[in-house]
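Hi everyone, thanks for coming.

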Amino acid sequence: MEEQLFENRTDLDKLATSAEAIRAEVSKLVVGQDRMVNLLITAILCDGHVLIEGVPGVAKTLTAKALSKTISAGFSRIQFTPDLMPSDVLGTSVFNMKTTDFDFKKGPIFSNIILIDEINRAPAKTQSSLFEVMEERQVTIDGQTYLMGKPFMVLATQNPVEQEGTYRLPEAQLDRFLFKIDVTYPSRKEEVQMLYNHHKRKGAPDLSVINAVLDPEKIENFRAIVQNIHVEDKIIDYIAAIVEQTRNDRSVFLGASPRAAVALLSASKAYAALSARDFVTPEDIKELAPAIFRHRIILTPEKEMEGVPTDEVITNLINAIEVPR
């Protein structure tokens, strides 16, 4: 994050201190992955869900679990499998012999931070059970609506390599994720440090060393602060121009939705706050755009056959738009 060189109109000290505390706690177990951690904190501040994609063993699940421990709120983990049913996620009505009525037994989705491991291993029927709860923060069962508590955040992981026994996520569901984070291998220096830490603690990571530094009340306060981050009209025009370009670019078959534009605006405000600024810059937009767009746009069949990376297309279409000054 860049150094603060000016006086803010909005007090961001407490937010910045809490964010740094989260990074410090997560770093007790996770080496590197600073970008992933920063994007996860950004998602918390703008009430968004995150899809984390990477090959096995790059600390996707560990990072998500460590982050959840820094928040004094409910946590549940759901392992998605091909035989998982919607009722296994949302809950089901159970007949009560004493009252001769049906009681609703809540499923694991009723928590604050929900980690879904290998989300692409469940079929469409189960995936559809997440549509309402991810967008509207509520579940409707047998005509009864149940509201989710705050915060409510879905952290989902998936493996991009192994395709056997997996299902492509519906576009409508992908669009409900604020970010898609691509997790890469650590550098050699980071891997040496990881091995040293593993040897030093003589075993698997112990999540009990992670301390909670946030609670639901603080999160709501910080979200209110983020909403007051200043965004100039030319920045809003810049976001709209980039989103429009995704729909007109010849390399793109399906462009970004209006929800993507709102997501980019919200995320840029949170990212600016984490950078100790109370205003959004074009650099914030450029930095966040790949994580916002990479799961929302679909390349043309020709580009997919050529093996052109989605991030490369996103970079090119952003560079085609004049940067506001």
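**A walk through the spaces**

Let's start inside: the largest cavity is lined by Leu15, Ser18, Ala19, Ile22, Ile41, Leu45, Leu214, Phe222 and Leu274. Before going on, please note that this is a predicted model, where local features need pLDDT of at least 70 and side-chain atom pairs count only at pLDDT 80 or more, while totals for chains, interfaces and linings use all residues. Residues are numbered from 1 along each chain as its sequence is written, and side-chain values use heavy atoms, with hydrogens and water left out.

What do I mean by a cavity? On a 1 Å grid over the protein atoms alone, it is a set of points where a 1.4 Å probe fits but cannot get out; a pocket is an open set with protein on both sides within 12 Å along at least five of seven lines, and lining residues have an atom within 4 Å of a point. A volume is the space filled by probe spheres set on the points, which are joined across faces, edges and corners.

The count comes to one cavity of 30 Å³ or more, and the largest cavity has a volume of about 40 Å³. Helix α1 (13-26) gives the largest share of its lining, four residues. Helices here are DSSP runs (H or I, at least four residues), as are strands (E, at least two), numbered from the N terminus. By class, this lining has eight nonpolar, one polar and no charged residues. Nonpolar covers Ala, Val, Leu, Ile, Met, Phe, Trp, Tyr, Cys and Pro; charged covers Asp, Glu, Lys and Arg; the others, Gly among them, are polar.

Now for the open side. About 600 Å³ of space lies in the largest pocket. Of the 23 residues lining the largest pocket, Glu53, Gln158, Arg168, Lys180 and Arg294 lie nearest its centre. Elements giving two or more residues to that lining are α7 (171-174), β9 (177-182), β11 (298-299) and α14 (310-319). The classes in this lining are eight nonpolar, seven polar and eight charged.

Next, is Asn120 buried or exposed? Asn120 is buried (under 20% relative accessible area, with a 1.4 Å probe and protein chains only; exposed is over 50% and partly exposed in between), because its relative accessible area is 7%. Asn120 sits in the loop between β5 (113-117) and α5 (124-127). Beyond its neighbours within four places in sequence, Asn120 is in contact (heavy atoms within 4.5 Å) with Gln127, Gln158, Asn159, Thr166, Tyr167 and Leu169.
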